[in-house]
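Biologist: I would like to learn how to read the contacts in this structure. Could you take me through them step by step?

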Amino acid sequence: MRPALLLFVALGGSLLAQTPSEKNGKAVFDKWCAPCHGAVAPQRTMFGGSALPGTAALAVKYQGKVPAVLEQRTDLKPAYIKTVVRHGLYGMPITRKTEVSDAELDDVVAYLTTNRKK
Amino acid sequence: MVLPPNISEADFNAAVNEFRAAVGPSWVFTSDEDVALYRDSYSIYWGEPEERVASAAVAPAKVEEVQQVVRTANKYHIPLYPISTGRNLTYGGSAPTMRGSVVVDLKRMNRILEVDEKRAFALVEPGVSYFDLYHYIRERSLKLMLDVPDPGWGSPVGNSLDHGAGYLTAHFRDHFGSHCGMEVVTPEGDLVRTGMGALPNSETWQEFRYGAGPYIDGIFTQSNFGIVTKMGFWLMPMPESYLTGTITVPRYQDFEPLIEEVSYFEDLSLIGMPQYGSPIGGGFFGPPSPDLAALMQNGWPSMGALENYVAAQKRPAWSVELNFYGPEETVRANWQAAKRRFAKAIPGAAFQDGELLAPPIPKEKETTQGDKPRLGIPALEVFTITSRNPMTNSDPADGHADFFAYVPRKASAVWAAARVMYEAYREMGMPPMHGPFSTPINYYSRCFIMATLVPTYRNAAKNARSRELFAKVMDRCAEHGFGCYRTSPAFQDRLMSKYSFNNNALLRFHQKLKDSIDPNGIISPGRYGIWPAKMRGNRA
């Protein structure tokens, strides 16, 4: 199978079916979440290792029971996403409304729960 | 609901209503749920009465709105606490120094006012993050490199005002040192532009920082003398090439000449921040190898024992990675010069050629690019140091309080500071983060940093222990003249009490300024030990 087709299948075709809310949610995710929770790690970081902090932490936490990459999760609940974003969790800090508004957070929720709905 | 100290609920509510009129009702936050978003995520007093929490937050979008907020605060004597992007994690985050202050959240002031490619400067508002400025530059294909700190979500304004630093050549990585010109709302609501910004029709506000008369920009750093609403920054022209090379040296005492040679290149501005390491000592943080643990069993080893240990390991004692920026011809020549000089100064020095890159890194390769800040690419990858990992999995911390001791740029001082920190941990019965192979960080080119990251928790008992450790490290380091440069509000009074020459003359001077510039004491009371007269009491 060609790589592009593989990617399409892996994403369940969801890119084509994105609502405006999901599309904006991805943009907000890419800006605010992906630097820690992205799928692709750097070759190395300044202080050793080659990992993104959020993705690496979830890999240790879940030991493969669920994907470490948030965009691959199918079990995320809207309330949980909002709670973690607004309250922080372990090293992940609180995110204020001047940074990610409630409407933008709703869009992130729509984006991250797309896989669960489909 | 928390109120500012000695402010009636009626006055507080009247002030809040005026804030709403100034910035719009949706940009004043008073509900418990919204105000809680201004807590310091890494607070070392989380959930305790001493936690510095806000009473409200107000988020102006324009300078005029900031001025109006300040005038209202003066009218009702409401303490304000301005933040830029409010990240500043480990140094207080977005929480105020004094409990009950109203946070002035400047995140909405997010305009990039000017980036001049040919004259290599930018003028930005406080809410602009390094990510924002980076993307602005890349989207326009401007041939400029931005010096970024480890976490890229902070702002050039906030980071430089708190003395943050980055990775390029010395000229740029001192972020306050590379600023040029600022605009400040004074505590009484006036508007000041510094340097050439004070001269109407001048086009050199971002090119000549001093203007005429006293240079006052420094008093707005780590202080409470105004609210900075604009700052200019000098940017690095995009270098044609980026070249790395690593040098290793065999013996323990080779560290001294290694530092001396690196400093030669550093002080000529031929390299970015050198990355010291120890192939024997292991990673930057983390437990020592079993062999090293055995060596340390009876305390700090003698120099002879360390040399014998190094010889037995059959690995180099120290390493340093150098980074060169510039045209390909010159970066290659400088690396050749480095090889020649280090080989002459240190018998047995070995060299490994690194990568030669041609910045900017193409967009499609950015994600996988290592060491992003060294190439001016903002990232958050530094948080891998403290995020959950196999070692901490059963008990990850919720944050950390960083203690950066500034020590002289010489090997003996590195070892002395490492030992001071090592012994402080041992006295606490905690596994030391430091040992004889600890290496310095060189954010500021003329001085070394020995860093300790004390874990913080959302747990009072654990935090009590962390506070005790942090205070002990601060006290012990100060006794040896190793000064910390930046800390969270929880330790700012303690920190400033260490800078005590001539009966605390420096702090007394700051207080005189405070009383003159901010007679009602409304801006950030207590920040870096500067309390308004009415709150000073027995504090200093």
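Modeller: Gladly! Let us begin with a term: a polar contact is a pair of N or O atoms within 3.5 Å, where, within protein, one must be able to donate a hydrogen and the other to accept it. Keep in mind that this is a predicted model. Between chain B and chain A, ten residue pairs are in polar contact, both residues being at pLDDT 80 or more.

Biologist: Which helices of chain B supply at least two residues each of the side that touches chain A?

Modeller: Those are helix 2 (32-35) and helix 4 (130-139) of chain B. By class, the side of chain B that touches chain A has 23 nonpolar, 13 polar and 17 charged residues.

Biologist: How many residues of each chain are in contact, and what area is buried between the chains?

Modeller: Contact involves 53 residues of chain B and 32 residues of chain A. The area buried between chain B and chain A is about 3500 Å², with carbon and sulfur atoms giving 60% of that. Three residues deserve a look on your screen: B:Leu37, B:Arg87 and B:Arg388 supply 19% of the area that chain B buries against chain A, more than any other three residues.

Biologist: And how many salt bridges are there between chain B and chain A?

Modeller: A salt bridge is counted when a side-chain nitrogen of Lys or Arg is within 4 Å of a carboxyl oxygen of Asp or Glu. Between chain B and chain A the count is four. B:Arg87 has a part here too, as its side chain meets that of A:Glu99 in a salt bridge of 2.8 Å, N to O. A:Glu99 also forms a salt bridge with A:Arg96, where the closest N and O atoms are 3.6 Å apart.

Biologist: Are A:Arg96 and A:Glu99 buried or exposed?

Modeller: Here the cut-off matters: buried means under 20% relative accessible area. A:Arg96 is buried because its relative accessible area is 2%, and A:Glu99 counts as buried because its relative accessibility is 7%. Another group to find is a network of salt bridges that links A:Arg86, A:Lys97, A:Asp102 and B:Asp34.

Biologist: What area is buried between domain 1 and domain 2 of chain B?

Modeller: The figure is about 1400 Å², and carbon and sulfur atoms give 63% of it. B:Val63, B:Ser84 and B:Arg87 supply 30% of the area that domain 1 of chain B buries against domain 2 of chain B, more than any other three residues.

Biologist: Which parts of chain B does the salt bridge of B:Glu48 and B:Arg467 tie together?

Modeller: The side chains of B:Glu48 and B:Arg467 meet at 3.0 Å, N to O. B:Glu48 lies in the loop between helix 2 and strand 2 (56-58) of chain B and B:Arg467 in helix 12 (residues 460-479) of chain B, so the pair ties together parts that are 419 residues apart in sequence. B:Glu48 is buried at 16% relative accessible area, and B:Arg467 counts as buried at 15%.

Biologist: Finally, where is B:Thr221 placed, and with which residues is B:Thr221 in contact?

Modeller: B:Thr221 sits in the loop between strand 9 (191-193) and strand 10 (227-234) of chain B. Leaving aside neighbours within four places in sequence, the contacts of B:Thr221 are B:Ser160, B:Leu161, B:His163 and B:Phe176. With B:His163, the side chain of B:Thr221 makes a side-chain polar contact of 2.9 Å.

Definitions and conventions:
Residues are numbered from 1 along each chain as its sequence is written. Chains are lettered from A and ligands numbered from 1 in the order in which they are written. This is a predicted model: local features need pLDDT of at least 70, side-chain atom pairs count only at pLDDT 80 or more; totals for chains, interfaces and linings use all residues. Side-chain values use heavy atoms; hydrogens and water are left out. Helices (H or I, at least four residues) and strands (E, at least two) are DSSP runs, numbered from the N terminus. Contact means heavy atoms within 4.5 Å. Buried area is the accessible area (1.4 Å probe) that two parts lose on being put together, summed over both. Ala, Val, Leu, Ile, Met, Phe, Trp, Tyr, Cys and Pro count as nonpolar, Asp, Glu, Lys and Arg as charged, and the others, Gly among them, as polar. Buried means under 20% relative accessible area, exposed over 50%, partly exposed in between (1.4 Å probe, protein chains only).
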